[in-house]
Structures are given as C-alpha cells and as structure tokens.
Amino acid sequence: QKVQKTWNEKKKQFMKLIQVIGKSSREVEGELLELKDNLAVIQNSQAYLHDDLSGFHRRQDNRDFLEDRLTVLNWLTPINYAAQQSDFICWRQARTGQWLLDSRELKTWVETERQTLFCPCIPGAGKTILTSIVINELTTRFIDDNNISIVYLYCNFRRQDNQMAEDLLTNLLKQMCQGQSSLPESVKALQNSHKDAGTNP
C-alpha cells in the first residue's frame, strides 16, 4: 500500500511535469509563430523599401534624362515656335479656315508625297492664322503616326537676325527631335563635339 501511494504521488508529479512541459511547448510555439509573423512584416517592409528606392532611382534617372534632353534641344536653338502656334490657334474663330481644310488643293497636298502648297497673299490677309489652322489639323490627324513629323516655322521680318538659314534649319531639327522618344545619337554626338568649345551647331 505504501508502494502504491508512492507510485501515485510520483505519477501525479510526472503528470504535472508533462503539463508544465506541454504548456512551455505551447508558449514556445506561440512565441515562434509571433517571431515568424514579425519576420514576415520585416521582410515585407524591406520589399516595400526596395520598391520605393527603385522608384526613386527611376524618377531620378528620368529627371536626369529629361534635363539632358532639354539641354541639347535648347543648345540647338532656344526659339520655340510651338508657343507661337498655341497663340495663333487660340485666335481662331469657329469655322475659320474650314474652306481651306476642305479644299481639293490641300487634300491633294496632304495625300501626295513631295508636293509644295504655295499660298501667296498680301500682308494682313490672315496667312498666319490659316497656317496655324492647317498645322493644328495635321498635328491632330497624325498624332499617333510615328512615321510622320509635323514641323513648321513662323517667319517674322522683325526677327530677321535669328532667322537666318542655319537658324531655321536647326529649329526644324529640334522639332523633329522633340517628336522622338529619345534623341538621335548623331545629335548627341554633334552637341558633344561643340561642348568643350562652347560653340553653336
């Protein structure tokens, strides 16, 4: 009987020990799960940080790309005829110049390669506004055609000093470059060849 009592006490102690071990195991398991969750949060945070840094570098690279591009374009010529085009087209009244857009002569000129459309007229007759209307029409019509560039010039007798032949040609080159997603290597090379001397094209 004494042996039985001792065995029962040992058995109780053993069961308590098992309970303690089981409880400790569950606590450890819970702590491990919590640690695992925390590690997952840290890893996600690192991934977000990496994405943010990558995005920052892409934005910085894009900013540098645009600045370099603008530097080369302005080196070709600082004159921007697009601003004049915007001003002129704003002056257009409804239906003004529609007769020209509908004319057979203009349609033939647009649809035929290597053609010249010559429209002589006296000063003040509205050639500038009509020209801006045609430019706006062509720009809108061919906006999605990467094989076509719409370039133009507005000559002004008051600005003859910066409208020499080389000025006009470099402006046409600038406009063609503006229509490209990246500058042609030949234009970059041209700018680099003049950079050290600080000369114009």
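Predicted model: local features only at pLDDT ≥ 70, side-chain atom pairs only at ≥ 80, totals over all residues.

Trainee: Is Tyr152 buried or exposed?

Mentor: A residue counts as buried under 20% relative accessible area. Tyr152 has a relative accessibility of 14%. Tyr152 is therefore buried.

Trainee: Which kind of aromatic pair do Tyr152 and Tyr154 form?

Mentor: The ring centres of Tyr152 and Tyr154 are 6.0 Å apart, and the planes stand at 70°. Planes over 60 degrees apart count as edge-to-face. The pair of Tyr152 and Tyr154 is therefore edge-to-face.

Trainee: How many aromatic pairs are there in the whole structure?

Mentor: Rings pair if their centres lie within 6.5 Å. A search of the whole structure on that basis gives a total of 3.

Trainee: What is the angle between the planes of Phe88 and Trp91?

Mentor: Phe88 and Trp91 also form an aromatic pair, with 5.5 Å from centre to centre. This pair is edge-to-face, and the angle between its planes is 65°.

Trainee: Which residues form the aromatic cluster?

Mentor: The residues of both pairs described above belong to one cluster. Its members are Phe88, Trp91, Tyr152 and Tyr154.

Trainee: Where is Arg69, and which side chain of opposite charge is nearest to it?

Mentor: Arg69 lies in helix α1, which covers residues 2-76. Arg69 is buried and has no salt bridge. A salt bridge needs the charged atoms within 4 Å, and the nearest side chain of opposite charge is 11 Å away. That side chain belongs to Glu185.

Trainee: Which residues does Arg69 touch, leaving out those up to four places away in sequence?

Mentor: Contact here means heavy atoms within 4.5 Å. With those sequence neighbours left out, Arg69 touches Cys177, Gln178, Gln180, Ser181, Ser182 and Leu183.

Trainee: How many helices and strands does the protein chain have?

Mentor: Along the sequence, the protein chain reads α-α-α-α-α-α-α. The count is 7 helices and 0 strands.

Trainee: What percentage of the residues in the protein chain is buried?

Mentor: The protein chain has 201 residues. The buried residues make up 18%.

Key
Residues numbered from 1 in each chain as written. Heavy atoms only, no water. Helix = DSSP H or I, 4+ residues; strand = E, 2+ residues; numbered from the N terminus. Buried < 20%, exposed > 50% of the residue type's maximum accessible area, 1.4 Å probe, protein only. Lys, Arg positive; Asp, Glu negative; His and termini not counted. Phe/Tyr/Trp six-rings, centres within 6.5 Å; stacked < 30°, edge-to-face > 60°.
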